[in-house]
Structure formats: C-alpha cells, structure tokens
Amino acid sequence: MENSRQIMKTMRNERGYSMMQWLIFIIIGVTLYASYMVIPVFVTDYQLKRGLTQMAMDMANDLDTQNVYKRMSKKIYVKLGIDLTQEQLKLNHDGKKLTVDIEYEVTVDFLLYGPHTFRFKHHAEAFARRLMD
C-alpha cells in the first residue's frame, strides 16, 4: 500500500515536470515565430532610416520636387521594397533646404493573433551644396 502511494506521487511529479517542459517549449516557439515575423520589418525600417539622410543630401541640388519624389520613391522601392505614395513621402524644397518626411505603416499577419500594424515616421533634412561654376 505504501509503495503504491509513492509510485502515484512520483508519477504526479513527473507529469508536472513534463507539463512545465511543454509550457516552456510553447513559449519559446511563440517567441521565435513572432521574431521571425517582426524582425524583417524593423530591419527594413532601420535601413530606410539610415539611408534617408544620404538620399536627401544626394537630391538636395535638384530643384524639381516631382523629379526628386520620383527618384527617391523609386530608390526606396528598389532597395527596400517599400512602395510609398505621395501622401506617405512628403517633400518640401525651399531652394536651399530639402525636407523629407516619411510616414508609413506595415501590417504583419500573425497566425493566431491576427494582423498587427506597425507605424513608422522619419524625418530628414539636407542643404543644397553650391555647384562650382
């Protein structure tokens, strides 16, 4: 009788330990899945943020705002795959200074959670360099 109680107690302890292992396994799996879905979005945004000032400096001498918009949106789309509309990519060119404001959203569709929208906003300024005559 005493021996069967010890066996039952041992089985309950092992079952609890096994449930804890499964719980940890599920938490790690969910974390890895979420990271797999989210990290590329933030890496792309970081690349855009890092290159935005350089793009603005390269295009600050061009006085045609439509041409700057076309060139910048094409460059962003080709390099990063982000397709920006004119409402998302706002340019202000007042002769010497080019101001670029980007505001866009990326929706990630998680398997069980559903879609989640990440919003990004960036600002860059560049001054036109005088060209030598």
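Six aromatic pairs are found in the structure, a pair being defined by ring centres of Phe, Tyr or Trp (its six-membered ring) within 6.5 Å, with planes under 30 degrees apart counted as stacked, over 60 as edge-to-face and the rest as tilted. The model is predicted, so that local features need pLDDT of at least 70 and side-chain atom pairs count only at pLDDT 80 or more, whereas totals for chains, interfaces and linings use all residues. Residues are numbered from 1 along each chain as its sequence is written, and side-chain values use heavy atoms, with hydrogens and water left out.

One of the aromatic pairs joins Phe42 and Phe118, whose ring centres are 5.4 Å apart and whose planes meet at 75 degrees, so the arrangement is edge-to-face. Phe42 belongs to helix α1 and Phe118 to strand β3 (residues 114-127), and the pair therefore ties together parts that are 76 residues apart in sequence. Helices (H or I, at least four residues) and strands (E, at least two) are DSSP runs, numbered from the N terminus. Phe42 is partly exposed at 40% relative accessibility, while Phe118 is buried at 14%; buried denotes under 20% relative accessible area, exposed over 50%, and partly exposed the range in between (1.4 Å probe, protein chains only). Phe110 and Tyr113 form an edge-to-face pair, with 6.0 Å from centre to centre and 70 degrees between the planes. Phe110 is buried at 12% relative accessibility, whereas Tyr113 is exposed at 62%. One aromatic cluster consists of Phe42, Tyr104, Phe118 and Phe120.

Two salt bridges are found in the whole structure, the criterion being a side-chain nitrogen of Lys or Arg within 4 Å of a carboxyl oxygen of Asp or Glu. In one of them, the closest N and O atoms of Lys97 and Glu125 are 3.8 Å apart. Glu125 lies in strand β3 and Lys97 in strand β2 (residues 97-110), so this contact ties together parts that are 28 residues apart in sequence. Both residues are partly exposed, Glu125 with a relative accessible area of 37% and Lys97 with 25%. A salt bridge also links Glu105 and Arg119, at 3.1 Å from N to O. Glu105 is in strand β2 and Arg119 in strand β3, so parts that are 14 residues apart in sequence are tied together. Glu105 is partly exposed at 48%, and Arg119 is exposed at 62%.
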